[in-house]
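Please open the structure in your viewer and keep the sequence beside it, so that each stop can be selected in turn.

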Amino acid sequence: MLTIKNLKARVEDKEILKGINLEVRAGEIHAIMGPNGSGKSTLASVLAGREDFEVTEGSVEFLGNDLLDMAPEDRAREGVFLAFQYPVEIPGVSTTNFLKTALNQIRQHRGQDPLDAVSFLKLMKEKMKLVEIDQSLINRSLNEGFSGGEKKRNEIFQLAMLEPKLAILDETDSGLDIDALRIVANGVNKLKTKDNATIVVTHYQRLLEYIIPDYVHVLYNGRIVKSGTKELALELEEKGYDWIKDTTATTV
Amino acid sequence: MTQIIDKQSKSALQEAFLRYFENSEKLKEPASSFLYELRKNAIHSFEQSGLPGHKHEEYKYTPITRALDKNFDSQDLSLEEVPNPDLLARIKPWLLTNIDANIVVFINGQFSQEHSKIVSSPQDMILKPLSQAFIENKELVEQHFAKQASIESDAFVALNTAFAQEGLFLHVPKGKVVDKPVLVYFINDTTQRRVIVQPRNLYLIGENSQVDLAESFYTVGENPGYQNIVSEIVVAQHAIANYYKIEIEGQQAYHTGTTQVQQAAQSLFNATTVSLSGAMVRNNLNIALDAEHCETHMFGLYMLDQHTHVDNHTIVDHRLPNSFSNELYKGIMDDHSRGVFNGKIYVRPGAQKTNAFQSNMNILLTDDASIDTKPQLEIWADDVKCSHGATTGQIDAEQLFYLRTRGLKKEQARAILLKAFADDVIQNIKVKPLREQLEHIIAARLEKNYQL
């Protein structure tokens, strides 16, 4: 589904991604872990199409198309979804406000009929239950005055509504208490099918107790320095990131 | 007082106004000596000050005198009525005639009985042309007329006071709550010729009464039109007045207007000024808080495109302690349009415990659009809470990116963000049909420009 080859990206003069290689197939969950500043969030942003980053080398193929060549909205329509680490506040725009337009744009792109108001509401009710989110929250100005947990839950609610093929969760666990973490993880798990894939970007292993990854990759200094299965996450938790730093230092 | 007037820069239109006044029999009619005295003083003041040139502090960003001189001449001062059978059809889309409201229509400055509809009973509210009120409500009118709007402070107020003959007189008696809004339409019909009109309104909101009042300005026709309007609003003790000024003007429409408000104790005054189009528009909103425990809200939206120029000057004058004022003006400038905002807050000595807040936010959509914004706080009391802020920028890139990652086209995301920005002001309009009309017009404009 997603093939990243030798991806290099920089912001201004600073190279952040220094040659990422990653293959994600349908039905898989990949965790990308790494210390702060390793490039995890940059990778997520580059995949979603944030223009602050300049891709200098490499390629990203998504379902046979050149992802890097697409505008953010076209990536979304093709099925890429980014759950933001820091979802932006948008005064005066509620989730319900823009989601219907967004969903129908995506449906149109997939050759489906747009949803009428009644079907849209029905779908919303269903997905709201999935992520245990309150109607009042999605009617309020987006993220304005939301708690950390409410913001993240709202992201997962949108994920549920838009049913992407590839979901990228950028530090979705940060700022979540254990109950909220369970709810969010539960939502993600219920949305999993054999046809979609998830990339979980996280600093800590905790989230991975609830969203069980098929593969774990350790990102350090702009490169994936270690890949393995879920056991790698446990090892990492136990030994800390210094272990990675030490091992990469000796291999260089 | 001696005035040095630079002969070179003297406005031709200014001279025309002075000559016209000199030769007009009608303006000197002794029918009301009260009025004639006012006119005489006003034209004298106007002659002294002259139309404001580009060096005038209050008009330096808005070259209205130059624009008027370019587009109008002495022939435009005498208006002969040319009947226009198509007019009704052309103004109909603008008039909210099918709602339960009082509709008052002025066409080229003349009251139009035919297009007006008064639904409130005379016990609840007196609503009539000012010329009629001068005769029928002489005492009340003479007590308040031209008492607030100062001819010395602004040449256009002086001009209006010298020339005004018609407008709306509204009086809500003590204790009456008018549940049907008053929608006043000032329509310039420039189909056959250029038009200059100077409407004059007097609104007396009696003690413990309540009313919603909207002034809307439209121009029909391709020729230039100019409206120089003055509205005086007296809000008595404990009264509530919601005032709206709506400008959806033609490409050739010029406007100068002063809304002068005086608030008594415990009164509440809400103003919302919305300017969506026109050639050059200047709005003065001056509010005097002449008593304690007054509350005032001023909202403004100017959403401009093409070459439209809109200038909002506001003054809120806290003269006594314990009053509250809040101001939020927002601007969206597209194409070559230009916005000007000047917000003055005065807190007089002794006006302790004043709360006064002001905010002006602007979005520039092109490199050719511009805004000049100037908050001006003058505070002579020492126990007050006052704040002001002005921001100017583009659409927030982070918000735009967020919406695009949800599948919205860039242009759609822009439209959604602009609509939300404008809504902040529009949602303060309490007259629902009026609010919906504006929402509709704004949505249509966003759809046209951004395919929402």
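What follows is a short tour of salt bridges in a predicted model.

This is a predicted model, in which local features need pLDDT of at least 70 and side-chain atom pairs count only at pLDDT 80 or more, while totals for chains, interfaces and linings use all residues. Residues are numbered from 1 along each chain as its sequence is written, chains are lettered from A and ligands numbered from 1 in the order in which they are written, and side-chain values use heavy atoms, with hydrogens and water left out.

Over all chains there are 34 salt bridges, each being a side-chain nitrogen of Lys or Arg within 4 Å of a carboxyl oxygen of Asp or Glu.

Begin by selecting B:Arg404 and A:Glu73, whose side chains form a salt bridge with N to O at 2.6 Å. This pair crosses between chains, since B:Arg404 lies in helix H8 (residues 397-404) of chain B and A:Glu73 in helix H2 (residues 72-78) of chain A; helices are DSSP runs of H or I with at least four residues, numbered from the N terminus. B:Arg404 is buried at 7% relative accessible area, and A:Glu73 is buried at 8%, where buried means under 20%, exposed over 50% and partly exposed in between (1.4 Å probe, protein chains only).

Next, select B:Lys128 and B:Glu136, whose closest N and O atoms are 2.7 Å apart in a salt bridge. Here B:Lys128 is buried at 15%, whereas B:Glu136 is partly exposed at 48%.

Finally, select B:Glu436 and B:Lys432, a salt bridge with its closest N and O atoms 3.7 Å apart. The two residues are four apart in helix H10 (residues 432-450) of chain B, and therefore separated by about one helical turn.
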